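Here are a few exercises to work through with the model open beside you. Try each task before you read its solution.

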Amino acid sequence: MNVKQKTIKGEISVKGVGLHTGANVTLTFCPAPDNHGFKFQRIDLPGQPIVDADCDNVTDTARGTTISQNGASISTVEHVMASLVGMDLDNVLLKLDGPETPIMDGSSILFIEALEEVGVVSQDADREYFTIPHNITYTEADRKVEIVAMPLDDYRFTCMIDYNSPVLGSQHAGISSIAEFKKEIASCRTFCFLHELEYQLQNNLIKGGDLNNAIVIVDKEVTKPELAHLAKIFNRSAIEVAPQGILNNMELRYQNEPARHKLLDMIGDLALVGVHLKGHIMAARPGHAANVAFAKKIKAAIKKEKGKKIQKVYDANAKPLYDVMQIMDILPHRQPFLFVDKVLELSKTHVVGVKNVTMNEDFFRGHFPGAPVMPGVIQIEAMAQVGGILVLSTVPDPRNYLTYFLKIDNVRFRAQVLPGDTIVFRCDLMEPIRRGIAQMKGIGMVGEKVVVEAEMMAQISRVKDSETA
């Protein structure tokens with residue numbers, strides 16, 4: 001039985017300060033439609049730009065994860081993203097009236113509680129999972145970072161941290177299923193070392209920092225005057241070092257709370273892959289930069305697996321969905337530059353088209369007439385025309401639009417195409433069409449043999465004079 005996508009039942013807001021900016025901000029969780037995903041909206045900026053929660057949009061990982069798009073940025077997204085995954089959600093719009101999410105108590109638990117208060121509802125669309133197909137690894141030798149994702153029919157995490165600190169020591173944390181997130185991980189707070197805190201205070205980098213939203217680990221000898229100075233900064237009557245080696249006698253929620261928080265960060269950063277994952281993630285000494293780099297490796301693996309799955313053999317003689325006359329109602333191309341004879345399938349995300357190759361083609365008069373081979377550039381053009389049918393099907397009046405190439409990547413010509421061959425092209429969207437820009441993975445097959453494949457980016461543009469036509 002397929003799992004359905006989920007969103008929240010209504011809007012709910014939380015208020016707080018940004019850890020680094022110190023700005024008072026309101027974050028509002030809003031229901032979103034099927035296949036929307038997680039998106040932030042900067043409602044304080046002109047035009048209220050949208051920022052997709054996507055690892056390709058990450059622009060900074062220095063003191064948290066920052067995503068940017070459409071002239072807007074959102075900082076410290078990891079705790080919020082972890083709460084969305086921990087609540088098993090798929091589609092949420094997050095409206096924010098400032099540049100950074102509120103730090104709250106330094107964990108995800110207050111976001112979880114807000115989402116639980118408003119409730120969750122199932123939607124019509126099926127959820128997409130990506131099951132890790134084989135071991136995917138990431139390493140940073142200089143920082144001794146190691147991360148691996150292994151195949152598993154669940155979402156399991158194991159995390160180890162080691163800062164060579166006599167106070168913190170080596171710690172491990174893990175969950176056997178994402179369902180354990182709320183109980184075991186969500187309430188674990190962010191932490192820093194005292195020497196880091198002093199540097200950040202001196203450079204005015206944590207304007208919203210407070211001893212209530214971060215665990216401060218004392219990793220050096222500290223004098224009473226230094227403690228008094230910190231007390232003054234944080235508006236406290238006194239600050240002490242607890243037996244556990246942390247400031248202000250703050251009670252740890254778990255003995256290994258720092259390791260659990262690193263696991264929380266990792267869940268939030270990997271949420272930027274954009275789909276629910278199934279696999280066992282094991283990490284040693286992870287950080288935001290490594291998490292995001294690993295997320296990009298997983299996203300690349302998703303694209304590669306999608307490319308493999310589309311190699312289905314089609315019956316080129318099957319009854320067409322569109323014949324050549326109907327195709328000419330969609331595409332502006334005409335003989336001798338129309339390279340699609342019929343369309344077999346068309347959905348919101350894919351299209352299958354057919355090109356019959358004969359010796360009568362005009363290009364054979366000049367391209368190796370003594371040993372005719374279909375030019376590779378013509379194969380790509382035919383593939384693009386098939387993809388153009390998919391893109392133009394998204395507008396109500398395709399005759400008034402043209403499709404233009406923006407980029408072609410990863411082109412491979414696997415075998416010669418000769419007169420008498422029939423190429424079946426399939427083009428799949430690699431991600432939803434945004435602002436008229438489509439990214440597609442295309443593959444061409446003659447029988448069971450792949451002859452050409454490519455990734456294409458195209459943009460549909462309205463014909464200038466058509467608006468008055």
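**Exercise 1.** Which residues does histidine 288 touch, not counting residues up to four places away in sequence? Keep in mind that you are looking at a predicted model.

*Solution.* Start by finding the residue: histidine 288 lies in helix α7, which covers residues 288-309. Next, list its contacts, leaving out residues up to four places away in sequence: Thr61, Gly64, Thr65, Glu78, Asp265 and Asp269. Then look at the side chains, where histidine 288 makes a polar contact with threonine 65 at 3.3 Å.

**Exercise 2.** Work out whether histidine 288 and histidine 367 are buried or partly exposed.

*Solution.* Take the cut-off to begin with: buried means under 20% relative accessible area. Histidine 288 has 13%, so it is buried. Histidine 367 has 23% and is therefore partly exposed. Now place the second residue: histidine 367 is in the loop between β20 (350-356) and α9 (376-392). Beyond four places in sequence, histidine 367 touches Pro372, Val373 and Pro375.

**Exercise 3.** The unreviewed UniProt entry carries the annotation "active site" for His288 and His367. Find out why they do not all gather at one spot.

*Solution.* The record puts His288 and His367 under this annotation. They span 80 residues in sequence, and the farthest two C-alpha atoms are 52.9 Å apart, so they do not all gather at one spot.

**Exercise 4.** Describe the surroundings of strand β9 (residues 92-96) and its pairing with β3 and β4.

*Solution.* Begin with burial: 4 of the 5 residues of β9 are buried, so the strand is largely enclosed by the rest of the structure. Then take the pairings in turn. Strand β3 (residues 24-31) runs antiparallel to β9, with 5 bridges, and leucine 27 has leucine 96 as its bridge partner in β9. Strand β4 (residues 38-42) runs parallel to β9, joined by 5 bridges, and glutamine 41 stands opposite lysine 95 in β9.

Key: Residues numbered from 1 in each chain as written. Predicted model: local features only at pLDDT ≥ 70, side-chain atom pairs only at ≥ 80, totals over all residues. Heavy atoms only, no water. UniProt positions renumbered as here; feature names shortened; annotations may be inferred. Helix = DSSP H or I, 4+ residues; strand = E, 2+ residues; numbered from the N terminus. Buried < 20%, exposed > 50% of the residue type's maximum accessible area, 1.4 Å probe, protein only. Contact = heavy atoms within 4.5 Å. Polar contact = N/O pair within 3.5 Å; in protein donor to acceptor, adjacent residues only side chain to side chain. Pairing = 2+ DSSP bridges.
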